[in-house]
Amino acid sequence: MTSTSALRDVDHDGGDVPEECLVAARAADGKSGDRTTILAMGELLGVTDAFVITSGHNTRQVKTIVDEVERQVKGMDDRRPARIEGLDDARWVLMDYGDFLVHVFLDEVRDFYDLEHLWIGARRIEWAAPDPA
């Protein structure tokens, strides 16, 4: 459930993050990624434009999400991550695409590091397709 204050910070445009972020978020969602979020980081961090953050319930699901994100982003424009870290234990996998990073966590690891709280000042980007009315 989203609080009123969190809704205030959601950007329904997404124009200042790479389009691949939306592809990555939808890919994670397609593999049942939990609480998938896009944070616009350009104004706060300066070294990357966005974080895509999601999580899985077990290491197998984390790896499945990583594979699907990589496949779909590559399918968009043959783009591959510069590096992928953390895949060995699949507790926190970081996919570095340069202008955006994809963080795929195991649920309990995500709750521990709580990047959304650490970067509370970052704008949330709306990525989900609207529900048909």
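1. Arg 110 and Glu 116 are both buried (under 20% relative accessible area; exposed is over 50%, partly exposed in between, with a 1.4 Å probe and protein chains only). The two form a salt bridge, with the closest N and O atoms 2.3 Å apart. The term requires a side-chain nitrogen of Lys or Arg within 4 Å of a carboxyl oxygen of Asp or Glu.

2. The structure holds nine salt bridges.

3. This is a predicted model: local features need pLDDT of at least 70, side-chain atom pairs count only at pLDDT 80 or more, and totals for chains, interfaces and linings use all residues. Side-chain values use heavy atoms, without hydrogens and water, and residues are numbered from 1 along each chain as its sequence is written.

4. Asp 96 and Arg 83 meet through their side chains in a salt bridge at 3.2 Å, N to O. This pair links distant parts of the chain, 13 residues apart: Asp 96 lies in strand E5 (residues 92–96), Arg 83 in strand E4 (residues 83–85). Strands are DSSP runs (E, at least two residues), numbered from the N terminus. Asp 96 is buried at 13% relative accessible area. Arg 83 is partly exposed at 44%.

5. Arg 80 pairs with Asp 78 in a salt bridge; their closest N and O atoms are 3.6 Å apart. Arg 80 is exposed, with a relative accessible area of 52%.

Notes. Helices (H or I, at least four residues) and strands (E, at least two) are DSSP runs, numbered from the N terminus.
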